Every structure is written in C-alpha cells, then in structure tokens.
Amino acid sequence: MKKVSVVILNWNGGEMLRQFLPSVLNYSRGEDVEICVADNASTDDSCQIVEANFPEVHLIRLDKNYGFAEGYNKALSQIDAEYAVLLNSDVEVTSGWLDMLADYMDWHPEVAACQPKILSFYDKERFEYAGAAGGFIDWYGYPFCRGRIFQFLEKDDGQYDSPIPVFWVSGAALFIRLDIFRTVGGFDGRFFAHMEEIDLCWRLRSRGYRLVCLPGSVVFHVGAATLKKENPRKTFLNFRNNLLMLYKNLPEEDLKHVMRVRKMLDYLAAVAWFLRGDFAGSIAVCRARKAFKASRSSFEAARRENLAKAVVKGIPQRYPISILWEAMVKGKKKFSRL
C-alpha cells in the first residue's frame with residue numbers, strides 16, 4: 001500500500017496533461033507516492049500522451065465518461081493508499097506542496113481532509129476561484145472562500161497564510177484519508193460535476209470530522225478548463241446540485257425557511273440574467289429548479305441517512321449570514337471584512 005496516491009481525473013485534457021504533469025512528477029516524488037491519471041474515456045489522445053511521455057504514471061482507463069463525481073469514485077476504488085489527493089489536470093504544484101499536507105495529516109488524525117492555498121495560474125499574486133484559501137458557506141447555501149467572494153478575487157498579500165478550519169476543501173486539490181472517503185460514501189455520483197466536494201465535506205463536518213486549509217502548501221490553478229464559467233451547462237449543474245446538497249444536508253429546523261428563500265433568490269437570479277441579455281443562463285437556472293423538484297424524492301434516503309449520522313448540530317463554518325447581502329448590498333467583498 002502506498003502512503004499517498006495523487007489521482008488526476010482527465011477527460012479530453014491531453015494538452016493539460018502535457019503541460020502540468022511535469023510539475024506534479026517533479027514535486028511529488030517519494031517511494032510511498034504514486035501518480036495516477038484516471039481517464040474518463042477521452043476521445044482525444046490523452047492516454048497516448050501519458051503512455052508515451054510519462055511511463056511512470058499509473059494510467060486508469062474508465063469505460064465511459066462518468067463525470068467528476070462518479071469518475072473519482074470509480075478511480076479511487078482502484079487505489080490502495082492511506083491518503084488520496086484529488087488533483088485537477090490544470091494545476092501546477094510547487095516544491096514541498098505534498099509533504100506539508102501529508103505531514104500535517106500524520107500529526108492530526110482528527111482531520112479528514114485538507115487543501116493547499118490555491119492561486120491563479122494566470123495571475124500568480126491573486127487567489128483562484130475554486131477554493132482560494134479555504135471554503136465556507138452561508139446560511140442559504142452560497143459558497144465563498146478566504147480570498148474569493150463570488151467573482152471578487154483578492155490579491156494574495158499573505159493575509160490568509162494561517163492554517164484554519166474550513167467548511168469545505170476544494171476539489172481542485174483535495175487531500176483526504178481514503179478510508180474516510182469510502183466510509184462516508186464518497187462523492188454523490190448523481191451530481192455528475194460541481195458541488196460534489198461541498199456535499200462530501202458537509203457530510204464529513206456533520207459527522208464530526210475536521211477539515212483545514214494549509215496555506216503553506218501552494219498550487220496554481222487554471223480554472224474553468226472543462227466548462228467555462230459562463231457555460232449554461234455549468235450554471236445548470238451548479239444551481240441544481242446546490243439545491244440537492246441543501247436538501248440532503250440541512251437540519252430539519254432550517255429546511256423549509258432556507259428553501260423558501262432560495263426559491264426567491266434563484267428566480268431573481270434568472271431575471272437578472274435575462275435583463276442583461278444572458279438568456280441561456282436564465283433558462284439554465286429555471287431548468288435547474290425544475291430538475292431539482294423532479295429528482296428531490298430520489299434523494300430522500302440520503303437525507304435521512306445524513307441526518308441520522310450527524311453528530312454536530314451547528315457547524316461553525318456555516319455562516320449565519322447572507323453572503324449576497326453582505327457582498328452585493330453592504331459592499332463587503334473581502335473575507336476579512338465579514
């Protein structure tokens with residue numbers, strides 16, 4: 001059994017692998033470390049690139065495109081390691097990134113998962129959208145980060161360099177105990193992509209596990225490499241999966257109120273997109289609401305299980321605020337001002 005398995009899930013990302021695998025191989029060396037590429041049945045030359053240029057990489061060929069969530073479930077079922085690192089194919093790592101994460105986890109058995117500080121590949125002095133310096137969530141299910149609130153990305157001046165407990169760790173660079181990942185059921189494959197790591201982290205936190213961001217470890221992320229931020233498919237998945245996550249995990253006393261408020265906010269978002277001419281985005285939000293309503297009953301068993309296994313009533317990193325109100329009305333667009 002290896003100590004650490006770094007697993008990169010790939011779908012038609014051959015050029016990303018060619019560009020970013022060298023840094024992973026260079027800065028993730030060790031007898032107890034293996035690097036894996038799990039390929040989601042790519043139709044480009046991804047597998048040929050790995051076999052020809054990176055023979056030391058363990059290539060896992062999946063039989064179809066399972067998406068991010070189920071793709072990682074399938075890949076990690078074939079891994080034998082104490083820790084797994086779920087690393088996006090568009091991430092450049094740095095010297096010591098992996099050792100710092102592994103050492104911390106060795107000394108803190110109560111921590112189930114952690115993440116490095118995630119900076120932008122294209123602007124390396126600025127935080128990157130997907131995780132920044134650790135993830136949180138507001139009362140109505142909107143995620144935000146140290147260093148990123150909605151589209152507002154802060155410059156990294158070392159203001160968030162202290163390790164801190166978080167609500168969620170980013171799926172772009174997620175370091176997790178593999179046995180715990182399996183114990184809590186892994187990702188919900190029905191999500192396909194987006195919000196699956198926050199859903200997983202909510203389960204972990206409610207069952208008493210801790211999650212942390214360790215900013216001493218640094219990686220650079222391209223971001224939106226598979227689906228661009230304005231892609232209607234991405235909008236649909238984000239809204240639908242966020243609602244499903246809330247339904248699966250919210251305490252009973254919060255469910256009705258939060259869902260009523262979210263319904264209003266979602267349709268306001270659809271109207272806002274429509275008024276600025278983004279008709280595809282507006283339609284995607286409405287479709288997400290409809291899809292959530294149609295599939296909600298199939299998630300009832302998961303909700304019952306999550307509530308039954310919860311041992312933490314009030315998760316401190318679930319902020320009792322509306323981040324929409326704080327950022328858009330009160331103008332608080334930096335985490336330090338919240």
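Author: Helices (H or I, at least four residues) and strands (E, at least two) are DSSP runs, numbered from the N terminus. This is a predicted model, in which local features need pLDDT of at least 70 and side-chain atom pairs count only at pLDDT 80 or more, while totals for chains, interfaces and linings use all residues. Residues are numbered from 1 along each chain as its sequence is written, and side-chain values use heavy atoms, with hydrogens and water left out.

Reader: By how much of a helical turn are Glu 300 and Arg 304 separated?

Author: The side chains of Glu 300 and Arg 304 meet in a salt bridge, N to O at 3.2 Å, a salt bridge being a side-chain nitrogen of Lys or Arg within 4 Å of a carboxyl oxygen of Asp or Glu. Both belong to helix α10 (residues 300-309), and being four residues apart there, they are separated by about one helical turn.

Reader: Is Asp 266, which forms a salt bridge with Arg 289, buried or exposed?

Author: The closest N and O atoms of Arg 289 and Asp 266 are 3.0 Å apart. Arg 289 lies in helix α9 (residues 279-295) and Asp 266 in helix α8 (residues 252-275), so the pair ties together parts that are 23 residues apart in sequence. Buried means under 20% relative accessible area, exposed over 50% and partly exposed in between, with a 1.4 Å probe and protein chains only. Arg 289 has a relative accessible area of 11% and is buried, and Asp 266, with a relative accessible area of 0%, is buried.

Reader: Where do the buried residues of helix α2 lie when seen down its axis?

Author: In helix α2 (residues 46-53), the buried residues are Ser 46, Cys 47, Ile 49 and Val 50. Seen down the axis, they fall within an arc of 160°, the arc being that of the directions from the helix axis to the C-beta atoms, so they line one face of the helix.

Reader: Which residue in β12 stands opposite Ala 84?

Author: Strand β4 (residues 81-87) is mostly covered, with six of its seven residues buried. Two strands pair if DSSP finds at least two bridges between them; β4 pairs with β1 in the parallel sense over five bridges, and five bridges also join β4 to strand β12 (residues 173-177), these two running antiparallel. In β12, the residue opposite Ala 84 is Ile 176.
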